[in-house]
Amino acid sequence: MLPGLFVDLGMGIIEAKDLVYEYIRRDEEGNVESVNRAVDGLSLDINRGDFIAILGGNGSGKSTLAKHINAILYPTSGTIWVDGKDTADPQNLWDVRQNAGMIFQNPDNQIIGNVVEEDVGFGPENMGVPTKEIWERVEEALKAVGMYEYRKSSPNRLSGGQKQRVAIAGVVAMHPKCIIMDEPTAMLDPSGRREVIRVARALNQVEEVTIVLITHYMEEVIYADKVFVMDRGRIALSGTPREIFSNVEKMKELRLDVPQATLLSYGLKKRGLELPKGILSIDEIIPALCSLGKKYNVYLGKKQNSSQHEWKQRRSPTEKRQQDALIFDHVSHTYEAGLSHEVKALDDVSLAIYPGEFIGLIGHTGSGKSTLVQHMNGLLKASSGSIYYRGQDVYEKTYSLKKLRTSIGLVFQYPEHQLFEETVFKDVCFGARNKGLSAKEAELKAFEALRQVKLPEDLYYASPFELSGGQKRRVAIAGVLAMQPDILVLDEPTAGLDPRGRDEILSLVEELRTKNGISIVLVSHSMEDVANYVDRMWVMDKGKIILDGTPEEVFSRYVLLEEMGLRGPEVMYIMDGLEEKGFDVYPYITTLEEAEEQIASCFGLKGGA
């Protein structure tokens, strides 16, 4: 057990009864303009030592509930107790926050130190922990999240995912009885996500710390003891992961997803295959299919897959017009050049983006992805090398960077970094006005863009800072779309979005590409998103483009990807495992639709239900 970490073995640690919270918007005179009931009469109990997952669509009240557990918000009515203490009582504030540590979705909201180890030590120092023990806790916490080698670094020089690990370490160092994690892995690469969940499970299982995990990654939920699904401020479903994910249709109604193994087995069951209900993982679906294979007399002998090329060639190449391309010619970029802690973020990168391409950019946190995309529209200037757009050198003194930035739109990793106006509508109009459009033209473009991202009309004149994380992302994307760019660069555009919102945004992006010929660059840590939408992939590692090819070509190198902290889509591991067991399937299939078709074919099943 971690030194100084004492866990009371009584049953309940968090209890909410008839909890209500209302966000109230007032006008300049203080009159109430609108009331949004984010939590509506919610009641729940969480036992000590439980690993709890909370799911829900954007705006369902998840983050609002989390902020009540940490006493950041106080109930409008009803009560919430943490470790037996009423969070609304000011005298309990210190004890509540000490016992219930909070990990925010955006680590910038809680990192305050100039050096990583100082930031991690800030909480224990404020708690009055002796100096020697503070440094022991800092070392222990940083090692637990895999950030010890960065202990002397400035947080400002870390990637988003690395910052999140530091934020988690800062809470772990306080030795709380409960840790609330609000989308803690949203900005992490696959390896980082697994590491954070591993740390959370270790704290839960070994140290008996209660974990409350809010996430949109369904594969993280299968480790929970219990799942609460929220909708419109209430608990819509509760149960074990198997109970929750067995109800696929209900989850989809609630804008949510299920693990890929669950969804694949659900599709096969609809075709008539007698699979067990509630399959959760690769380790469950492969043995189940092998067992059925014997029952159905499926041939399970090793043989060459005759349909391999049919699946590999499902995407057609884009016409490459050199004169319209964005070209990087041996581009390098070094932060803090000449200093002892200089970082070479880009290392001799050469690439080209052609009209109409949909490119996925993946890489571990700190691989150089965000630095690369910030060079695309001139936010950063190369330390060496050249960048050309439509045949012109963008570093020529006479070249208009303003024109470049309206032609190549960039949606940042954190949407709040580019939202600043007093209303959503004004914010979306800004880029179009800055491009030179008249007020009326800019407003028309803004309305069109907001409709495209499906933001509710009653939010058009709200402050962008009152919106949920997912809603802010939609507004940021709308602001760029209103400028009608030729290339749209999206840095983690689905982080913070619920599954249906993710699919809506990515489908919108694909529609813009096919209808308007816009080139898309999608930076993502979701291998499934990349596999489902892009036709070309770049893989970055240590500032270099290591792989460039179709999703099938890139994901077939999954051993190399895993060495870089990445991995393929979950469905690919299922197909690879089935091929090893003797099924006549192509192992590098990357989408559920293709996987279901091939497995169904093995069993002689025709068409979906």
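Colleague: Thanks. What do the side chains of Asp40 and Arg234 do?

Modeller: The Asp40 and Arg234 side chains form a salt bridge, with N to O at 3.2 Å. The term stands for a side-chain nitrogen of Lys or Arg within 4 Å of a carboxyl oxygen of Asp or Glu. Before we go on, this is a predicted model, where local features need pLDDT of at least 70 and side-chain atom pairs count only at pLDDT 80 or more, while totals for chains, interfaces and linings use all residues. Residues are numbered from 1 along each chain as its sequence is written, and side-chain values use heavy atoms, with hydrogens and water left out.

Colleague: Good to know. Why does that pair tie parts of the chain together?

Modeller: Asp40 belongs to strand E2 and Arg234 to strand E10 (residues 234-239), so their bridge joins parts 194 residues apart in sequence. Helices (H or I, at least four residues) and strands (E, at least two) are DSSP runs, numbered from the N terminus.

Colleague: And is Asp40 buried or exposed?

Modeller: Buried, because its relative accessibility is 18%. Arg234, at 47%, counts as partly exposed. The cut-offs are under 20% relative accessible area for buried, over 50% for exposed and partly exposed in between, with a 1.4 Å probe and protein chains only.

Colleague: Which residues are linked with Asp40 and Arg234 in a network?

Modeller: Glu22 and Arg37 join Asp40 and Arg234 in a network of salt bridges.

Colleague: How many salt bridges does the structure hold?

Modeller: There are 29. One of them pairs Arg271 with Glu596, at 2.6 Å from N to O. That pair also links distant parts of the chain, 325 residues apart: Arg271 sits in the loop between H9 and H10, and Glu596 is in helix H22. Both partners are buried.

Colleague: Let's stay with H22. Why is it described as largely enclosed?

Modeller: Helix H22 (residues 592-602) has eleven residues and eight of them are buried, so the rest of the structure largely encloses it. The buried set is Leu592, Glu594, Ala595, Glu596, Gln598, Ile599, Ala600 and Cys602. Just after H22 comes Gly604, with a positive phi of about 75 degrees.

Colleague: Switching to the hydrophobic side: which residues touch the most other members of the largest nonpolar core?

Modeller: Leu289 and Phe603, in a core of 130 residues. Helix H10 (residues 282-295) contributes the most to this core, with seven residues. A nonpolar core here is a set of buried Ala, Val, Leu, Ile, Met, Phe, Trp, Tyr and Cys residues joined through side-chain atoms within 4.5 Å.

Colleague: What does Leu289 contact?

Modeller: Outside the four places either way in sequence, Leu289 contacts Leu268, Leu273, Leu275, Leu578, Phe583, Ile599 and Phe603. Another core lies apart from this one, with 28 residues, including Ile13, Tyr21, Leu42 and Leu65.

Colleague: Is Gln484 buried or partly exposed?

Modeller: Partly exposed, because its relative accessible area is 43%. Glu208 also counts as partly exposed, at 34%.

Colleague: Last one: what is Gly378 in contact with?

Modeller: Apart from neighbours within four places in sequence, Gly378 contacts Leu401, Leu404 and Arg405. Gly378 is in the loop between helix H12 (369-376) and strand E14 (384-389), and it is buried at 13% relative accessibility.

Key: Contact = heavy atoms within 4.5 Å.
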